[in-house]
Amino acid sequence: MIDLRSDTVTRPTEAMRAAMVRADVGDDVYGEDPTVRALEERVADLFGHEAALFTPTGSMANVLAVAAVVEPGQEVLCESRAHIARAELGAHAAVSGLTMRTWISERGQVDMAMIRRLFAPDLGPFFVPTAAISVENSHNFAGGAVLPLADLLDLREFATEVGTAVHIDGARIWNAHIATGTPLREYGAIADVLAVCLSKGLGAPVGSLVVGSADAIASSRVRRKRLGGGMRQTGILAAAGLYALDHHLERLAEDHEHARLLAEACGADPATVETNIVVVDRPDAAQVVEKARAEGVLVSTVGATALRLVTHLDVSRVDVERAAAVLARC
């Protein structure tokens, strides 16, 4: 089967497995795992921040990152299809006690006019204040769309002006970096806190990181433990992340090229595909999923009339060409 349901389905390569086996480990709850510390320091430096914290999942990383800048009873503003709003089972409300308001953008973009209208200053004990603005780069449900750096700079300027924080859900920020050539430090400079994922396009089996100031990471470490995320000899997992950064970052460009090929096969404009996700409108989406499965290609729906195809490390050019032929018939 050629699995295009998500870039989370990748399996560690043999070389990555070997790196995991060789990992130097310690007890991370005590802060004594050298491989975890090396990964945290490296990722923090990549984004130009003081510190980072390894977490088992991207959802936990987002919950911790947002909670570091938004207190219970405060709000975060985000786009209506943001992962933190639509795909984390309401964790931010259920666990952190915060609220959300959203703007709508077809491509998940920063809409400064709407953000300015939505922003709520602290008006005392009557209204919910906006404590953070969250953006997702690249934007999953907007088909892997990349947020232009100029728009992010405008957002940073506004956030500084009004004294609110910026959170970036950077689960696939590596894809945005490779697609645009924007240095990771420039993305990092936009955000007070980020969450970045290793187990999607980079192909690690587990792991995300919260990135931010030393204070934000110290508070996140406490919350991680409270949520049951304090792990012991985690270096075995962190080693996979280090290997992925060394060997799987630049190759994301191949996934982007493959995604454009799939888009063309499905009748979509390849020019609209910026990274490794293709969303195609089909009124018979569920039927297409079944037809493709019968021919050895797995795709998913992200709505009653929308298909999603995601390219990744375990899908070769030959696989993509075969899948494209199948999808063109479906």
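**Notebook: loops, rings and cores**

I started at Ser138, which lies in the loop between β5 and α7. The model is a predicted one. I looked up the peptide bond that joins Asn137 and Ser138 and found it to be cis. Its omega is about -5°.

I next checked backbone angles. Leu89 has a phi near 55°, a positive value in a residue other than glycine. I placed Leu89 in the loop between α4 (83-86) and α5 (91-96). Is Leu89 buried or exposed? Its relative accessibility is 88%, and because the cut-off for exposed is over 50%, Leu89 counts as exposed.

I then turned to the aromatic rings. How many aromatic pairs does the structure hold? I found 2. One of them is formed by Phe47 and Trp174, in an edge-to-face arrangement. I noted 5.5 Å centre to centre and 65° between the planes. Phe47 sits in the loop between α2 (34-46) and β2 (51-55), while Trp174 belongs to helix α8 (residues 173-180), so this pair ties together parts that are 127 residues apart in sequence. I looked up accessibility for both partners. Phe47 counts as buried at 1% relative accessibility, and Trp174 is buried with a relative accessible area of 1%.

Phe119 and Phe158 also form an aromatic pair, and I read it as edge-to-face. The figures are 5.7 Å centre to centre and 85° between the planes. This pair links distant parts of the chain, 39 residues apart: Phe119 is in the loop between α6 (112-118) and β5 (130-136), and Phe158 is in helix α7 (residues 149-162). Phe119 has a relative accessibility of 15%, which counts as buried because the cut-off is under 20%. Phe158 is buried at 3% relative accessible area.

I stayed with the loop between α6 and β5, where Leu123 lies. Leu123, Phe126 and Phe127 make a nonpolar surface patch of about 390 Å².

Next I went to the interior. In soluble globular proteins, nonpolar side chains tend to be buried together. The largest nonpolar core here has 51 residues. Which residues have the most contacts inside it? I listed Leu39, Phe47, Trp174 and Val196. Helix α11 (residues 235-247) gives the most to this core, with 6 residues. I went back to Phe47 and looked up its contacts, leaving aside neighbours within four places in sequence. The list holds Ile173, Trp174, Leu184, Arg185, Gly188, Ala189, Leu194, Val196 and Val211. Another core lies apart from the largest one and has 25 residues. I noted Cys266, Val288, Leu307 and Leu309 among them.

My last entry is on Glu32. I found Glu32 in the loop between α1 (14-22) and α2. It is partly exposed, with a relative accessible area of 47%. Which residues does Glu32 contact, once neighbours within four places in sequence are left aside? They are Gly26, Asp27 and Arg37. I also looked up the separation of Glu32 and Gln233, which are 201 residues apart along the chain. Their C-alpha atoms are separated by 8.9 Å.

Terms used:
Residues numbered from 1 in each chain as written. Predicted model: local features only at pLDDT ≥ 70, side-chain atom pairs only at ≥ 80, totals over all residues. Heavy atoms only, no water. Phe/Tyr/Trp six-rings, centres within 6.5 Å; stacked < 30°, edge-to-face > 60°. Helix = DSSP H or I, 4+ residues; strand = E, 2+ residues; numbered from the N terminus. Buried < 20%, exposed > 50% of the residue type's maximum accessible area, 1.4 Å probe, protein only. Patch = residues over 30% accessible without salt bridge, like charges linked within 9 Å, V, L, I, M, F, W, Y side chains within 5 Å. Areas by Shrake-Rupley, 256 points an atom, 1.4 Å probe, with all protein chains shown as cover. Salt bridge = Lys/Arg side-chain N within 4 Å of Asp/Glu carboxyl O. Core = buried A, V, L, I, M, F, W, Y, C linked by side-chain atoms within 4.5 Å. Contact = heavy atoms within 4.5 Å.
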